[in-house]
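Thanks for making time, everyone. I'd like to walk you through one structure. Please have the sequence and the model up.

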Amino acid sequence: EIDPERNYTINVWVERGRGLVKIPALEAEFWSQVTSGFRSRYPNTEIVLQEVSAPDLERKMEEALDKGRPPHVLVASSQWFRLWSELQLPIDRFLPEEEREGYIQGALQKVTVGENLMAWPSHIQPRLWAASRKQLNRLSSDLASVLEEWKAGTLWSGDDFPAARDKLLKLKDAGEKQLAHQFGSPATLVDLSAAVGGGIIGPKGELLLTKELLTSVIDLWQALQDEEVLELVQGTLLTGFLSGKRMVIGPVGLWIWTLKEEAALRGYRAVAIPEDIILLPAPGGGGENGCFSGTTVEVAVFRQRPFQGPAQARLSMEFARDLSRKLGLELSTTGLGVPAYKPLWDEWLSAMGWGPDQRANLEQVLELSAGLPPLRAKWHEARRRLIGEILIPGFDDFVNGKVGPEIAEQLDKEIRTFLASLQGRRSQGK
């Protein structure tokens, strides 16, 4: 129980300055509304906000954790969710099973470590691809079926992945280079590798992403370019797409639905926005082991040493829950992402001026991904580090022409060495 005679303090760290995630400055009205609303229920609670720059967050968190004095609440964004410490508290007791259906399931899966939910999902900036409805309507039934498989999330993953090459090569019949990919972005190769590798590593740290699977991903990538189905585009992807010359582009964000005025100013009228733009899951973003691709904002809760008691933990958890939902809505009205908590969607979509078609399209895409299989803490963090320290840099070198297809063998060696250092023995393949 909360002791009305005792004063409580909730220290909140807010990460700012990471990519497109524009968390409001602490002097913004948003924060005063959030804190005053919470204090109206718990007037004996002080909320202390502290801004932490993204480059400083890891160092400051590690210093605070070493002292046993992390913030009670941390607001941070990530592409691959981080479990900071055993001081991080699971939210399960405060999110009953019947309420979990209100969240995008991939967002919950992303914060699942072992059997516990380790943070409140707040805001999602999904990594997507975009297709022109007008271009799709001109396809033959044979070619249209390829795009239908893409929309359903089955084209790029699971048992159908080996056949993806032949199916995608059919799109050449619709014209050369109908698919365009942003030059220099390794995201698609990382997501595909994680998906076809069944989550990269297994529950005991066994390696699932083999050299053969890495090679198959790279071979597909090269074949799509060699056969002029896919073009890597330097600069903006939008010119060819909005002028009606390209059928599918990616990766993009939800912002592509906000470009109506900009397109009109530039004289692009071939594609009506958002009506003619269909969102597609990113390659590797569908199916049982599909990546929940993109950036998410989460609100995590920590206990301190010595433990300050269950009342302190309850207040921190309730504030984090309330903040995660209000912040999710606030961030999403920029048009860059969506609230992770779906009961907020009516208000959000109304503010954006998007209708039932956009809602249905977005729900379908976001619900396609079950997310990577959860792992217990040691292997969850191993996977996060493996992606950030090995896969992303390696594929970045590959897509920027610094290395060739031999990157598959190089990545395989680095991954096995990394896992062996954690296991104390040689990593075994699947």
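One definition before we start. Buried means under 20% relative accessible area, exposed means over 50%, and partly exposed is in between. Keep in mind that this is a predicted model.

Now a salt bridge that uses those cut-offs. Glu231 and Arg246 meet through their side chains, with N to O at 2.6 Å. Where do the two residues sit? Glu231 is in strand 9, residues 230–233. Arg246 is in the loop between helix 10 (238–242) and strand 10 (248–252). So the pair ties together parts that are 15 residues apart in sequence. Is Glu231 buried or partly exposed? Its relative accessibility is 24%, so Glu231 counts as partly exposed. Arg246 has a relative accessible area of 15%, so Arg246 is buried.

How many salt bridges does the count come to? The count is 29. Let me pick out another one. Asp322 forms a salt bridge with Arg41, and their closest N and O atoms are 2.6 Å apart. That pair links distant parts of the chain. Asp322 is in helix 12, Arg41 is in helix 1 (residues 29–41), and 281 residues separate them. Asp322 is buried, because its relative accessible area is 17%. Arg41 comes out at 41%, so Arg41 is partly exposed.

Next, a pair within one helix. Arg384 and Glu381 form a salt bridge, with the closest N and O atoms 2.8 Å apart. Both belong to helix 15, residues 377–399. They are 3 residues apart, so about one helical turn separates them. An α-helix has 3.6 residues a turn, so residues three or four places apart point the same way. As for Glu381, its relative accessibility is 15%, so Glu381 counts as buried.

Helix 12 covers residues 310–332, and Ser332 is in it. Ser332 has 0% relative accessibility, so Ser332 is buried. What is around Ser332? Leaving aside neighbours within four places in sequence, Ser332 is in contact with His123, Gly337, Val338, Pro339, Trp348 and Met352. Look at Val338 in particular. Its backbone oxygen lies 3.4 Å from a polar atom of the Ser332 side chain.

On to the strands. Which strands pair with strand 12? One is strand 3, residues 73–78, antiparallel over 6 bridges. Another is strand 6, residues 120–126, also antiparallel over 6 bridges. Now find Glu298 in strand 12. Ala76 has Glu298 as its bridge partner. Pro121 stands opposite Glu298 as well. A general point to go with that: in a regular strand the side chains alternate between the two faces of the sheet.

Last stop, helix 8. Among the buried residues are Thr188, Asp191 and Ser193. The list also includes Leu189, Val190 and Leu192. What follows helix 8? Gly198 does, with a positive phi near 65°.

That's my tour. Happy to go back to any stop.

Conventions: Residues numbered from 1 in each chain as written. Predicted model: local features only at pLDDT ≥ 70, side-chain atom pairs only at ≥ 80, totals over all residues. Heavy atoms only, no water. Pairing = 2+ DSSP bridges. Helix = DSSP H or I, 4+ residues; strand = E, 2+ residues; numbered from the N terminus. Buried < 20%, exposed > 50% of the residue type's maximum accessible area, 1.4 Å probe, protein only. Polar contact = N/O pair within 3.5 Å; in protein donor to acceptor, adjacent residues only side chain to side chain. Contact = heavy atoms within 4.5 Å. Salt bridge = Lys/Arg side-chain N within 4 Å of Asp/Glu carboxyl O.
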